[in-house]
Amino acid sequence: MSVKTRLSMLAAASAFSLVASASAWAEGSLSIYAWADSIAPDAVAKFEKETGIKVTVDAFSSNEDLLTKLQAGSSGYDIVTPSQHFVKIMIDSGLLEDIGASSMPAFQQILPEWQKQWWDPTGNYSVPLAYGNAGFTVNRNLYKGPVDSWKVYFEPSEELKGKIASLAQPDEVIPAAQNYLGIPYCSEDPKEMKRVLDLLQAQKPFVAAYSSDNIENRIGGGEVAMHFWWDGNTMRVRRNDKANVEYAMPKEGLVGWLDSYVVPKGATNIDNAKKFIDFMAKEENATIEYNYYGHSSPVKVDASKALYNKENAPELFPTAPVKMGQACSPAAQELVTKVWTQLLQ
Amino acid sequence: MSQRPKIPSWNVLGLLPAQLIMLLTLIIPVGIIILVSFSTRGPYGGFDYVFTTAPYKQILFNEGWSGELEFNPQYLIVVARTVILSLATTIICLALSFPVAYFISLQKTSAKMLLIYLVTLPFWVSMIVRVYSWIIILGNDGVIAKTLRALGLGENMGSLLFTDTAMLIGLVYSYIPLMILPVFASIEKLDPALVEASHDLYGSRLTTLRRVILPLCRPGMAAGAILVFVPCLGAVLEPVLLGGGKTMMMGNLIQLQFGAARNWPLGAAISIVLMCAVMIFLLWRGIQAMRKEGREEGA
């Protein structure tokens, strides 16, 4: 290809993209930054059709990534979906827009137990979209033993050497270890946190990978026998991919989370963001979202169309206690980092 | 002595775009990183413009578990691992590239073009996809494990994936084209008459390689070594995807500070240390090259 044709093609391509973005501007746009695969594409398509607003969805895989992006400023996103403890940190750091959520129609759809919780006491910043918990999943082809305690995960038996996987971030792994050891979340006591480090260090020879990506293949395909994971994701791999996996119900407690729609400070399309939040909270759309995402819904869903119940999705109805993750003080966070750095140094 | 023609002052303006790009994409960002590295960390990440040298002290000294400040080599261990892995990668790349480049240089022109094109082909694919493909190759159900099992070997062999070896394979694979190309360029420039002369003077094949070919190809090898070693120091993907995230390299350590650790100033300080290390390495190479040139001119 000659330089000339290449240049003209480039010019044509950029002209085309200019035109494309101009038409998107005309009807308004909305950019969402959400957990990977968390927003139902069908619901997004329906929203675009009803409103003419062009929606783009990008994915993140950890709360920390999201927080860093917002702190760096002008992320360009109109809606993001952090977990509860990060909602609190973001509100306290002035990173979120007060959208008056408690007077939006969406607020009336939220189940009473999730309204105005400690992470958003006025209820003005956030509307929840899903909740669940973090625990561990076992591949039943490779592991036949009991799954009623964190002991089998943190202090595994010899045959599980190199057959366990953890997450790449300490955010949920350390609270799980604290549940097992009977230490409160966000402990500021170095002695207690040293015990957490000792536990994780003793577990390390058994760990094949600390990774938050590609988990379904690793546990479903049998690369590892146990994986730190979430309830709904386990259910989806079991149902959709027919993987022989089971979600553990450790008696020491699962680590609870709840993700919410929030609007970053300085977002350009706040009205569109509120429209989308209201749209997703409507019962029929919330049902589409619930059926797609497979995590419990904190807003009302249409029970006659919901796919999951206690019989076919026991993962979503935990029999073990669930303890919600907390927003740690800087001193406690420092200890968490210290444990993680020394674990992976 | 001839008078140098005076450059009209507007010619300097012609360089303005280049200078602007340097300023906007290099000098200002590095300046910001330096600024952050001397700032005070915010309670939940971010930073405040309050001058402190604490981030640099933190690289070496940390509060121990009992609460007092003590020397802590945890970050130095990561630095040492990074340098060792990068050096190993460079050496392996060099050893593999030389025969490949030599082989390519011996081909007909058309075949040469094709082979060089094939060497650059991986660059057309995203780095993440390329590294991911090794997960499939090295995994439990991967090509290697299956072949070994079919041959009745490696029945008890653990997975190749998530080991330091896997990490090294990934690094070598990612950066080897950057070594092959400059080495090939210098072999191409090699005058065959010199090789013939060596043979005429009863130099054995090994002697010819050692005394004639290798010294003449040194500039290409040096350029390749820099091109491989420097990006290796900042590798992030390979340790996470192929090493299983069990041990950190400097790139991961910096990422951790900006993410979960919420300590941006420390992350910036480590970045600056990494950058200085690279600059010292390059300066040292540059001075060496200059001295060598001086010697040759003097001779």
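This text walks through a predicted model with chains A and B, from the division of chain A to its contacts with chain B and then to chain B itself.

Chain A is split into two domains, each made of two stretches of sequence: domain 1 covers 27-131 + 257-293, and domain 2 covers 132-256 + 319-344. The centres of domain 1 and domain 2 of chain A, taken over C-alpha atoms, are separated by 27 Å. Where these domains of chain A touch, 13 residues of domain 1 are in contact with 13 residues of domain 2. On the domain 1 side, the elements of chain A that supply at least two residues each are α3, α4 (84-92) and β4 (127-139). Of these, α4(A) has the largest share, with four residues. Sorted by class, this side of domain 1 of chain A holds five nonpolar, six polar and two charged residues.

The contact between the chains comes next. Here 31 residues of chain A are in contact with 27 residues of chain B. On the side of chain A that touches chain B, two or more residues come from each of α3 (63-71), α7 (170-181), α8 (190-203), β6 (207-210) and α13 (330-344) of chain A. With seven residues, α13(A) gives the most to this side. The class count for the side of chain A that touches chain B is 12 nonpolar, 14 polar and five charged residues.

Chain B has 13 helices and four strands. Its radius of gyration is 24 Å, while the globule rule gives 19 Å for 299 residues, so chain B is more spread out than a compact globule. Along its principal axes, the C-alpha trace of chain B spans about 80 × 75 × 35 Å. Of the 299 residues in chain B, 30% are buried. Among contacts in chain B between residues at least 6 apart in sequence, 67% join residues at least 24 apart.

Thr90(B) counts as buried because it has 23 C-beta neighbours inside 10 Å, where the cut-off is 20 or more. Apart from neighbours within four places in sequence, Thr90(B) is in contact with Ala225(B), Val228(B) and Phe229(B). Thr90(B) and Tyr175(B) lie 85 residues apart in sequence, with 8.7 Å between their C-alpha atoms.

Conventions. Residues are numbered from 1 along each chain as its sequence is written. Chains are lettered from A and ligands numbered from 1 in the order in which they are written. This is a predicted model: local features need pLDDT of at least 70, side-chain atom pairs count only at pLDDT 80 or more; totals for chains, interfaces and linings use all residues. Two residues are in contact if their C-beta atoms, placed from the backbone, lie within 7 Å. Ala, Val, Leu, Ile, Met, Phe, Trp, Tyr, Cys and Pro count as nonpolar, Asp, Glu, Lys and Arg as charged, and the others, Gly among them, as polar. A residue is buried if 20 or more other C-beta atoms lie within 10 Å of its own, exposed if 12 or fewer, and partly exposed in between; C-beta atoms are placed from the backbone. Domain bounds come from an automatic or database domain assignment. The radius of gyration is taken over C-alpha atoms; the globule rule is 2.2 Å times the number of residues to the power 0.38.
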